[in-house]
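Dear colleague,

Please find below the structure that I am handing over to you.

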Amino acid sequence: MTAKRSAIVTGSTSGIGLAIARALAETGSDVMLNGFGDAAEIEAMRAGVATRYGVEARYSGADMSKPDQIARMVDEATEAFGKVDILVNNAGIQYVAPIEEFPPEKWDQILAINLSASFHAIRHVFPGMKQRKFGRIVQIASAHALIASPFKTAYVAAKHGIAGLTKTVALEGAEHGITANAVCPGYVLTPLVEKQIPEQAKARGISEDAVIRDVLLAAQPTKRFVTVEEVAALAVFLCSDSAASITGTTIPIDGGWTCH
Ligand code: NAD
């Protein structure tokens, strides 16, 4: 029987993170939710996870661009659950614009949330994982950790950075029962993608329908969006005991996009 685990999933009030938090709870893990949104809706999500799966579910409103708040979130999870076995670094934002129009403050914000936040969270969970000789770190990276697209300088740079961070952490954790892997989804229809459709249309001077058909799904040979449940199932597997020898990887889940 697998021991009861406890997890932090950053950016889990929406999209992929919420699906991962629910899927981990379904396996019996206690979960710390995190992310922004309407307080009543978040409380309903938290209570729903706790009652549906019979686990402890907590919420931290920590802003992933703030290292001190990340440290506090890890402390709160450790206090609530006694330990943090699983860290899923999922919080992320996107901004689409040609480089000469790319606002420097957006660059800084994306690097802080999509890259540096992972470093800060890992730094804080690592000592406990080492001590207990077990840890699972899952980075929700992107196909953009492996390849580039125009108009996404900050996002592509941050996600490529995540790939390097993941490999380094995998090496440091290897003898301590800690794995670190980067999941690299193609396009998943979440608020993050819905928001960039008009931005892409503007940057490329085409209609929103054309963005979906000719830019987003054109990249994916399957011609359909990846689902949040598919990404969550992969993350749950990487957190399992069976995945103990999978570490330092960047795993595409992209309908064949990165075969091109
Ligand atoms: P989403 O917009 O649905 O969810 C993002 C989550 O991050 C939300 O819970 C939001 O509140 C949270 N968040 C944003 N800024 C935050 C901050 N400063 N502090 C704490 N939480 C914050 O997006 P999603 O599509 O589910 O994306 C989740 C992750 O998956 C991101 O890292 C994204 O880059 C990655 N990803 C998404 C796709 C896709 O097509 N949707 C593809 C590849 C990778």
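A residue is called buried under 20% relative accessible area, exposed over 50%, and partly exposed in between. Please note that this is a predicted model.

With that scale in hand, K66 counts as partly exposed, because its relative accessible area is 36%. K66 forms a salt bridge with D63, and their closest N and O atoms are 3.5 Å apart. D63, by contrast, is buried, with a relative accessible area of 17%.

The structure holds eleven salt bridges. Another of them joins R132 to D85, with 4.0 Å between the closest N and O atoms. R132 belongs to helix α4 (residues 104-132) and D85 to the loop between α3 and β4, so this pair ties together parts that are 47 residues apart in sequence. R132 is partly exposed at 34% relative accessibility, whereas D85 is buried at 3%. Through salt bridges with shared partners, K83, D85 and R132 form one network. A further salt bridge links the side chains of R213 and D214, at 3.0 Å from N to O. Here R213 is exposed, with 52% relative accessibility, and D214 is partly exposed, with 44%.

I turn next to the sheet. Seven strands make up an open sheet with parallel pairing, in the order β3-β2-β1-β4-β5-β6-β7. Its edge strands, β3 (57-60) and β7 (250-253), each pair on one side only. From one strand to the next, the twist averages 20°. Within the sheet, β1 (residues 6-9) and β4 (residues 86-89) pair in the parallel sense over three bridges; V9 has V88 in β4 as its bridge partner.

Two helices that pack on this sheet deserve mention. Helix α2 (residues 39-53) touches β2 (30-34) and β3, and its direction makes about 155° with that of β3. Helix α3 (residues 67-81) touches β1, β2 and β3, and its direction makes about 155° with that of β2.

Finally, the cysteines. A disulfide requires two cysteine sulfur atoms within 2.5 Å, and the count comes to zero disulfides. For C184, the closest cysteine sulfur is that of C259, at 13 Å, which is too far for a bond. C239 is likewise in no disulfide, as the nearest cysteine sulfur, in C184, is 15 Å away. Both residues are buried: C184 has a relative accessible area of 0%, and C239 has one of 6%.

With kind regards

Key
Residues numbered from 1 in each chain as written. Predicted model: local features only at pLDDT ≥ 70, side-chain atom pairs only at ≥ 80, totals over all residues. Heavy atoms only, no water. Pairing = 2+ DSSP bridges. Helix = DSSP H or I, 4+ residues; strand = E, 2+ residues; numbered from the N terminus. Axes fitted to C-alpha atoms, helices over the stretch in contact; angles between N-to-C directions. Contact = heavy atoms within 4.5 Å. Buried < 20%, exposed > 50% of the residue type's maximum accessible area, 1.4 Å probe, protein only.
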